[in-house]
Amino acid sequence: MILEVNKLKKVYGDKTVVNIDHIQIQQGETIGLVGNNGAGKTTFFRMLLDLIRPSEGEVLSKGKNVADGDEWKNYTASFLDEGFLIDYLTPEEYFTFIGSLNNLSVADVGSYLTQYAEFFNGEILNSWKYIRDFSKGNQNKVGIAAALMQKPELLILDEPFANLDPTTQIRLKKILKEYPGNMTTFISSHDLNHVTDVCSRIILVEKGKVIKDFKTDENTLKELENYFST
Amino acid sequence: MLSTFLSHQRKSFWRSRNRGGSIATQVLMGFFMLYFLAVAVGVGLGMTVFLPKIFKGVDIITSFNGIILYYFALDFVMRLQLQELPTLSIIPYLHLKVPKSKIIGFLNIKALFSAFNLWPILLFFPFIFMEIADEYGAFAVLMYIISILSITLFNNYLILYIKRKSITNVYYTLVGFVIIAIFAAFEYFKLISLISTSDFVFRGIGEKPYLGFGFTIAALAIFKLNSTFLYNNLYVEELGAKQEKKVSTDYAFLNRFGKVGELAALELKLILRHKRSRSSIILGFFFLLYGFMFYREKLINSDSFGTMMFAGIFMTGVSIIIYGQFMFAWQSAHFDGLLSNKINFKNFIKAKFLLFTIASTIISLLSTFYGFLSWKLVLMHFVCYLYNIGFGTVIVLYLATYNYKRIDITKAASFNYQGTGATQWLLMFPYALTPILIYLPFSLLHIPYWGLFTVGIFGIVMLLMRGFWVNLITAKFEKQRYKIAEGFRE
């Protein structure tokens, strides 16, 4: 079990934003987190990454509380929002920096990036711009590619499809589905089509609570559409 | 129409979101601004007294005429770095039914609202009324005034033109300073004299006042050039400073420090690639002149290091103080990224120590030019330097863990008090008082050099204890990180 969440709660003032009793995630699962705005998805992800201190409960990564140590960072990569990008660097510098944190040489990073030439669609590398000068969609691409580059066992992405053009959305789906090895992926999305397509398991949240947690099958999309239209 | 534009501008200023939070901060800043204005007025009024003292044995009008061109050369270089293009504010009007010429008129007028345009008036006008009037009469006074206003406008619009053509860069500013310094050196060794050129020009105006219109013509020409350029290029993407090609850089000298060096390089890029951080560093170089206000012959001769130490600490540690007061907040935009990545917090803190040490070393080396005044000052600066890198860094970084205020470093630097809070003002007390208190007993016992020695030893001991301090601050940082991250997300 790579991730376990126990009685996780986050309270701001008198408002409970996240209140999750128990979730277990096995190695190799691809999980989609679905819910309307304000359901607590981002807050939940931030607690998984130890960016917010939970009011109660714990997040265990490979059995260890993420708040107590750094070990989880060795196999976890994430991209939640532009706040994860160091926007005054060129994409090349950013990749090199992230690479160096994971002991990848400049050459390693270079050869990795050539694999993603198609994903970047020629817009990211050698563009002579800082990350802050890119459009949001292209910033997303940089963040996602940097996360994947770390060859993580656990990948966490918050709304990875947002702001991406249709071609790139399809390419990203392909990458996530065909990623070699036993990567556990945890993504959130507002796009029900994509999320049911990519994920083997869906967790539906509303007002901080898990409403449904089930394996995807051919009826899942219908089910979700029904849920959200009522 | 123009008045509507201006009233919108006024509103945008007063309603701006990143205007300093607390009233106290604003009042204090108001005082600072008043102070600087008062200094300008004081220097202007006092010029009749200062000039004979600085230029001994030179005719007062000659020295006055002499400094005018120097001033404007300096003014030019300063504007190159600090004056901003009034551009973005017109975007909402471009698609409306407003004639181009009106928009350009507005841009031109808005450009006049700059402190740089006020300074020459405050500095030079009093002297003109007091001395030039006696010497050359009323017409000459008028032409002096017209000349000075013309040069001011000339500089004003030339800078805007240069910036619009975007042939500007931080390095040009530095080159500009170097050129001025070279001229000053030539002056000193009596090779070429800008002073006598300046005197020659303005003496000419004194004697044949209508010559002053030469400056006016030049100013009008540059104004016209600027307006024509604007008229032909009134597109938002062409008006702002043009985007230069951004290249990846690598700071080889930091590589030897391993992961710590990488983090330091990252921060160095942050400093160099943002206006606000860049100008805080440049400000540091200006503060190198601070000593001239403090170091009086009397103080030096009587070994009154206690009084002078403040200036010494401030100058050698200026980068630590000015940059450090907003520590961690510089990185507020990507703080989440730093936390969630595989960055060892200890290395993160060590990188800050490393940067501070490098910066303080450079500026302390530069400050050795005070050795021309007295070797004692070099000694004192060395002691202050040891204190700064040994203990000053610790204070700044420790207090930084209590700073939760986000700052947006992409915004302009001058008059931007976003992120300023009580911590920033409180910082100075422990920072400056610690060494002075250590020194004080020795001063009372009349063994000042032992006092300096002790402060120096204190610095060295703290430096040797750096490992301990790093651990302490890292532990503190780990405890505070959620709070800091939360504050930075707002």
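Mentor: Two strands pair if DSSP finds at least two bridges between them. Helices (H or I, at least four residues) and strands (E, at least two) are DSSP runs, numbered from the N terminus. This is a predicted model, where local features need pLDDT of at least 70, side-chain atom pairs count only at pLDDT 80 or more, and totals for chains, interfaces and linings use all residues. Residues are numbered from 1 along each chain as its sequence is written, while chains are lettered from A and ligands numbered from 1 in the order in which they are written.

Trainee: Thanks! In which sense do strand 1 and strand 4 of chain A pair?

Mentor: Look at residues 3-12 for strand 1 of chain A and residues 56-61 for strand 4 of chain A. Within this pair, A:Glu4 has A:Leu60 as its bridge partner.

Trainee: Is A:Ala147 buried or exposed?

Mentor: Start with its place, in helix 5 (residues 136-149) of chain A. A residue is buried if 20 or more other C-beta atoms, placed from the backbone, lie within 10 Å of its own, exposed if 12 or fewer, and partly exposed in between. Because A:Ala147 has 22 C-beta neighbours inside 10 Å, A:Ala147 counts as buried.

Trainee: Which residue in strand 7 of chain A stands opposite A:Ala77?

Mentor: A:Ala77 belongs to strand 6 (residues 76-79) of chain A, where A:Ala77 and A:Phe79 on one side and A:Thr76 and A:Ser78 on the other are all buried. Strand 6 pairs with strand 7 (residues 154-158) of chain A in the parallel sense over four bridges. The residue opposite A:Ala77 is A:Leu155.

Trainee: Over in chain B, how are helix 17 and helix 21 oriented to each other?

Mentor: Helix 17 (residues 305-316) and helix 21 (residues 375-400) of chain B pack with their axes 9 Å apart, at an angle of about 55°. Axes are lines fitted to C-alpha atoms, for helices over the stretch in contact, and angles run from 0 to 180 degrees between N-to-C directions. Angles under 35 degrees count as roughly parallel, over 145 as roughly antiparallel, 65 to 115 as roughly perpendicular and the rest as oblique. Helix 17 and helix 21 of chain B are therefore oblique.
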